[in-house]
Amino acid sequence: MSGAPDTVPLPSGERILLLGQGTWHIGDHARRRADEIAALRRGLDLGMTVVDTAEMYGSGASEELVGEAIAGRRDEVFLVSKVLPGHADRSGTIAACGDSLRRLGTDRLDLYLLHWRGRIPLEETLEAFIELTESGKIRHWGVSNFDASDMTDLVSIPGGDGVAVNQVLYNLTRRGVEYDLMPWCHRRDIPLMAYSPIEQGRLPHTGALREVARAHDATPAQVMLAWVLRQGAMAIPKAGRVDHVEENRAALDLELTSEDLAALDRAFPPPTGPVPLDVL
Ligand SMILES: NC(=O)c1ccc[n+]([C@@H]2O[C@H](COP(=O)([O-])OP(=O)(O)OC[C@H]3O[C@@H](n4cnc5c(N)ncnc54)[C@H](OP(=O)(O)O)[C@@H]3O)[C@@H](O)[C@H]2O)c1
């Protein structure tokens, strides 16, 4: 693989696989349902057992499809879902978690994230996360779309340093987090989970990415994924097709050379100063 270990430790010490599966827009179209279920199951067969969903995705349709895909295989999966900021007061979070569990057909989430920071004080969400952890409904909690200043606010709250993951937009074309958020998280051993790691399929048709891919007999998507993993972040590409899942899994075996990394840096320069967090 690309010079990086294929697992990452959570702050608890538990290790999870760096390469997982996203599910935004999975479950949106009835005609794609069978392919999407097959794709998620193939990903599990290949060890991509971190499955990321959210109550927001298709207003619960994605969670329902994930529930169907993992039925009978729950123990293989590291299941992630998210609460919407508008639901994230104490009782709202607990109710939203219950709804997610029901749609997913399970009694527990492995990781529950606040989807983004809203108006509800973080203390309230945290209280609910701690209660859900104590009752065994979630195993870990974390956040998403939190910039360095949000993380600083979070860890200043009692119990806030229990955050297990920050899930943010990160890929070769969106490198702003490298300036401050990523080092901040790495210093505290809080993994970054990169969403949209292949920029939702909007890949450049020419240039360094294509050349690096060609040199390895790989695809640009595989180079994008291998690069994210090489940066020490987890990646959760979404693929609704078995062939895409297989292609993505093979990115774990793609070893980028220092020349590749230098060429990619020239084409997609790292930030030279603070950049506000990109979101989708
Ligand atoms: N926390 C947040 O705010 C947030 C925001 C966005 C996303 N997310 C999470 O992160 C996951 C991934 O992000 P994303 O879905 O936005 O984008 P992405 O994973 O970067 O890209 C998904 C798109 O790429 C295509 N694709 C997948 N594998 C491919 C391959 N090997 N070659 C060419 N195209 C390929 C997919 O097509 P097919 O489906 O046809 O295979 C799909 O259209 C989401 O699904 C979601 O779970 C979280």
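This report describes the ligand site of a predicted model and the annotated domain of its protein.

## The ligand and its shell

The space that the ligand takes up is the largest pocket, and 28 residues lie around the ligand, of which Trp 24, Asp 52, Ser 144, Lys 238 and His 244 come nearest. Sorted by class, this shell holds 12 polar residues, 9 nonpolar residues and 7 charged residues. Helix α9, which runs over residues 242-250, supplies the largest share of the shell, namely 3 residues.

At Asn 248, an N or O atom of the side chain is 2.8 Å from a nitrogen atom of the ligand. On its own the ligand has 900 Å² of accessible area, and the protein covers 89% of that area.

## The annotated domain

In an unreviewed UniProt entry, residues 19-266 carry the annotation "domain: NADP-dependent oxidoreductase". In the predicted model, the span of residues 19-266 is 42% helix and 11% strand, and its end C-alpha atoms lie 26 Å apart.

Key:
Residues are numbered from 1 along each chain as its sequence is written. This is a predicted model: local features need pLDDT of at least 70, side-chain atom pairs count only at pLDDT 80 or more; totals for chains, interfaces and linings use all residues. Side-chain values use heavy atoms; hydrogens and water are left out. A residue is near a molecule or strand if one of its heavy atoms lies within 4 Å of it. A polar contact is a pair of N or O atoms within 3.5 Å; within protein, one must be able to donate a hydrogen and the other to accept it, and residues adjacent in sequence count only if both atoms are side-chain atoms. Accessible areas come from the Shrake-Rupley method with a 1.4 Å probe; for residues, only the protein chains shown count as cover. On a 1 Å grid over the protein atoms alone, a cavity is a set of points where a 1.4 Å probe fits but cannot get out, and a pocket is an open set with protein on both sides within 12 Å along at least five of seven lines; lining residues have an atom within 4 Å of a point. A molecule sits in a cavity or pocket if more than half of its atoms lie within 2 Å of its grid points. Helices (H or I, at least four residues) and strands (E, at least two) are DSSP runs, numbered from the N terminus. Ala, Val, Leu, Ile, Met, Phe, Trp, Tyr, Cys and Pro count as nonpolar, Asp, Glu, Lys and Arg as charged, and the others, Gly among them, as polar. UniProt positions are given in the numbering used here, feature names are shortened, and annotations may be inferred rather than shown by experiment.
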